[in-house]
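Hi there,

Here is the structure I promised to pass along. Could you have a look at it before you read my notes below?

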Amino acid sequence: MDTEKLISESKARFAHNSAKAYLKEKFQAKLLVAEQGGLWKADTETIGFLNSFTSEKVVLIDTFDNPVEVNRQDLLSTLTNTYETVMSEWCKEWQELETKR
Amino acid sequence: MVQRMARTRNKTLNRGVLVFAFNTDKWDYVSMAVYCANRVQHFLNLPTSIITDKIDSKLEQYFDQVILVEADDSNIKDHEVWKNKGRYQAYDLSPYDETILLDVDYVVNSDKLLKTFDLSDTFCCHNRTQFLMNEEAGQEMLSSYSFNSLWATVVMFKKSERAKQIFDTLRMVQENYKHYANLHSFVAGTYRNDYALTLAVKIVNGHLDDPTDFIPWNLVHVGKNTGVHADFIDQQIPDAPPGTLLYNTEFTVIYDNWKRGKIRKEYIKLKDMDFHVINKEHYVNIMENK
């Protein structure tokens, strides 16, 4: 299937809002990390919270609403790496989509 | 009666994917299962076993185990036989300690499903969906006064007492489907695994929800009236052994958007994202690179 031809012949327009929703769906799932007995989302809130502590251990509520005692630095490192990788992919793909008309 | 044909393999079976595929007059589900198994091998690096009802020696080259059972053809959908019953057998028939039970019309297009093994020690499935290009579509319910539907499209389970309870209860619900349909005010005419699974999980949980039962991302559907096409053909990699394919990961999704009484065709491009194709014709077109 020549999809470019299909798009051109059917005069289909690129749906920016749907593309935005699809990217969000795709990358939100990639931000999830299972580590130290909990499931975590590598988001700004969790990373910021972990950064604000200095103790070695901290208790956090994971995405399943369970309190889990974690090694703060290890989790921070994993979540920061995941965040950087996923968000940079997300941004790159979004920039590619933004150029489509 | 269950009969197993397995390739000789040395590695210990631990994790794998299980699919049910019973051909009907209209649809070749076994070919869909082959397509699905090839993508599972490529993206997840997991073996796939098939549960089917017809002996075919060719299947052994595609599947880890070919498990023969008798199909239950008592279910009717759109005036055609739909052999979707018997999914409860997955627990007993799975050769794996940790299994992803997958619908054959689910396009594996990334390694995302591997994460499901980290989510629960017993069982998990989807409880939320998103329709591509129709983001405002609501969540399906069994009926207006009943539960939100769970989805049997992707189910991860590990051999455990709790998972066994869920599958045993699934059997009980299947065998008493009319009663549950009456109780929950949905139409019993066509048996649906999604509804039976919803009820089974609810019963096992004492009608409460356990968040670890739910995969924490949406099951992405391509709706019945949404077109989906592969952008490239799965191609043989030069100089690699025959059958070693470079898999297409990019798809175009086209949708007729009704606005002010007019149809406007709209599209998006997908890359590296799994999705479930509701329209079988579209799925076959993808398989056949049409």
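Predicted model: local features only at pLDDT ≥ 70, side-chain atom pairs only at ≥ 80, totals over all residues.

**Chain B as a whole**

Chain B contains six helices and 18 strands. Its C-alpha trace spans about 60 × 60 × 40 Å along the principal axes. How does the radius of gyration of chain B sit with that of a compact globule? For 290 residues such a globule would come out near 19 Å, and chain B has 19 Å, so the two agree. As for burial, 42% of the 290 residues of chain B count as buried.

**Where chain B meets chain A**

Here 28 residues of chain B are in contact with 24 residues of chain A. Three strands of chain B each supply at least two residues of the side that touches chain A: strand 13 (226-230), strand 16 (250-259) and strand 17 (262-271). Which of them gives the largest share? That is strand 17 of chain B, with six residues. Sorted by class, the side of chain B that touches chain A has 13 nonpolar, nine charged and six polar residues.

Strand 1 of chain A (residues 13-14) runs parallel to strand 17 of chain B, and two bridges join them. Within this pairing, Phe14(A) has Tyr267(B) as its bridge partner, which may be a handy pair to click on when you open the viewer.

**Strand 11 of chain B**

Is strand 11 of chain B (residues 151-158) mostly covered or mostly open? Mostly covered: seven of its eight residues are buried. Strand 11 of chain B pairs with strand 7 of chain B (residues 98-102), running antiparallel with five bridges. Strand 9 of chain B (residues 123-126) pairs with strand 11 of chain B as well, again in the antiparallel sense, over four bridges.

Which residue of strand 11 is the bridge partner of Leu101(B)? It is Val155(B).

Best wishes

Note on methods: Residues numbered from 1 in each chain as written. Chains lettered and ligands numbered in written order. Rg over C-alpha atoms; globule rule 2.2 N^0.38 Å. Buried ≥ 20, exposed ≤ 12 C-beta atoms within 10 Å, placed from the backbone. Contact = placed C-beta atoms within 7 Å. Nonpolar A, V, L, I, M, F, W, Y, C, P; charged D, E, K, R; others polar. Pairing = 2+ DSSP bridges.
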